[in-house]
Amino acid sequence: MAEPGRQPAQSAAGEPAWHHTAVVYEVYLRSFADGNGDGVGDIAGLRAHLPYLRDLGVDAIWLTPWYRSPMADGGYDVADYRDIDPLFGTLGDAEALVTEAHEHDLRIIVDIVPNHCSSQHPWFAAALAAPPGSAERARFWFRPGRGSAGELPPNDWQSMFGGPAWTRVTEPDGRPGEWYLHLYAAEQPDLNWDNPEVRAEFEDILRFWLDRGVDGFRIDVADCLVKDPELPDAAGLPPGVRRPWEDQDGLHDLYRTWRRLIDSYPGERVFIGELWISPLSRLQPYLLGDQLHTAFNFGFLTAPWEAGPLRGVIDTTLGSIGPAAPWVLSNHDVTRHVTRYGRVETARVWMATERVATDLTLGNRRARAALLLSLALPGSSYLYQGEELGLWEVEDIPDGLIADPIYERTGHRVRGRDGCRVPLPWAAQTPGFGFGPPDGAAPWLPQPADWRRLAADAQAADPGSMLALYRAALRARAGRAGLADDTLSWLDFPDGVLAFRRAGGFACVVNLTGEPVRLPPDHELVLASGPLDGPLLPPDTAAWLTISDG
Ligand code: NOJ
């Protein structure tokens, strides 16, 4: 029997559910590998690198959106949910990828984008052509404006990308008309999830991909689908009070329906939610076992590199929601953690508006320690492509090349997220560092020249490289049955040290004190994130040990 309020750690057969302990690798498709030489990553490039991911030791791949899209937000603006964008390949390529990944024992999670579609989706075109009050407009959030002539937005909501969350349309007769809601870019109109037609359409889309063998979905903006239908102003709400577009009660029934749908398919297929809600404990209702399987643990990602807050997040996670919320250090929306951890403000994950002094050597050392910390905790981990190469945030992308809509929507004040989306370096001696074929177009964003030494082939043979650490850690983790359960007990160490024991005498010690720390006398070293100084663990270093189980 599972503890109340906690998701069962075991599948019906008594085995741990795969997603409970999995390591999932996020592929940001357009920056992973370019197979056809157009400078943009694609399915062919990913298929060619499946052996790399298998050898890295991950269990599953989460792919960012590959659907037909005008790419106003890198594919998070979907024009056709049942087809692949030609930039990435064909539906046949997608099907082949799923088959081949399974042959490599890799599961495939695709990204579903239900909060909004593209302004070029046929539904939105139909809504623009139809009059106010029509069934076509009822699939979205169209409202008359405020002010004497409707010239003001219907409420004060702001787009997450900057500027108002409403755009006024020109009616078919040429007059300025209603406004529509978009929590993100104007090219991403929000769908109205109170409309049964929207619900039915997405159930059909989920089936479309489940029928093609995908192992689950990462749900984009999973906390915002349902809105308070009154659309009240939000500016006066005190911090900590949920906004009228997030975490609404109606979401739970929606995800219960989705859960029944996915459970009707064979295999353990999963939903992972993207919910940027805090405190973390607010995730708990979604993870009770009848809704989402997991949801990203952004509290870990946003914690500073300090022992107290990190331990706080770990305790909150394990105490309130259990290990159902995977540990995450980076993704395609936040500053890469090698860079974050090299700064004074290590908790600042959002795109900087200005350049901040960064010590990449320090950041690299901490990133290595953070890897061992996250992989030693009960639960699963999500890795972001390129973190295994130690890539840093690229902060000097020329203005004219910035593609993130945040840049335009903030009047160029915020440069956005492209710095963590720079195409991967695969081969040190090849043009574009092997991102695409040698005679292909240059990668869609320029790579720093210094990434030559970070190229995957340069690191593969170096036992001290970040790639070697990831491979060794994933191998060591996979071999330890004791890590499959969710027990953790803290060990008695000086303040500033995170030290805990798992089953089977396995222990992890992370030194955040700034001073060397003595390891316990009777231990065997499994793996360290950096060189040890005899029995001393240097600052910003982590070690995996076996200690006697007493
Ligand atoms: C979250 C995605 O991760 C991000 O990249 C995207 O811009 C927004 N959702 C809007 O879809």
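A polar side-chain atom of Arg417 lies 2.9 Å from an oxygen atom of the ligand, a polar contact being a pair of N or O atoms within 3.5 Å. Taken alone, the ligand exposes 300 Å², and the protein buries 98% of that (areas by the Shrake-Rupley method with a 1.4 Å probe). The model is predicted: local features need pLDDT of at least 70, side-chain atom pairs count only at pLDDT 80 or more, and totals for chains, interfaces and linings use all residues. Residues are numbered from 1 along each chain as its sequence is written, and side-chain values use heavy atoms, with hydrogens and water left out.

**Ligand surroundings**

- The ligand is surrounded by 14 residues, of which Asp73, His116, Asp220, His332 and Asp333 are the closest (a heavy atom within 4 Å counts as near).
- This shell divides into 4 nonpolar, 3 polar and 7 charged residues; Asp, Glu, Lys and Arg count as charged, Ala, Val, Leu, Ile, Met, Phe, Trp, Tyr, Cys and Pro as nonpolar, and the others, Gly among them, as polar.

- His116 has a polar side-chain atom 2.9 Å from an oxygen atom of the ligand.
- For Asp220, the distance from a polar side-chain atom to a ligand oxygen atom is 2.7 Å.

**A sheet of strands**

- Three strands form an open sheet in the order β6-β8-β7, with antiparallel pairing (strands are DSSP runs of E, at least two residues, numbered from the N terminus; two strands pair if DSSP finds at least two bridges between them).
- At the edges are β6 (142-143) and β7 (166-170), each pairing on one side only.
- Strands β6 and β8 (residues 176-181) run antiparallel and are joined by 2 bridges.
- Arg143 has Trp179 as its bridge partner in β8.

Methods
A polar contact is a pair of N or O atoms within 3.5 Å; within protein, one must be able to donate a hydrogen and the other to accept it, and residues adjacent in sequence count only if both atoms are side-chain atoms. Helices (H or I, at least four residues) and strands (E, at least two) are DSSP runs, numbered from the N terminus.
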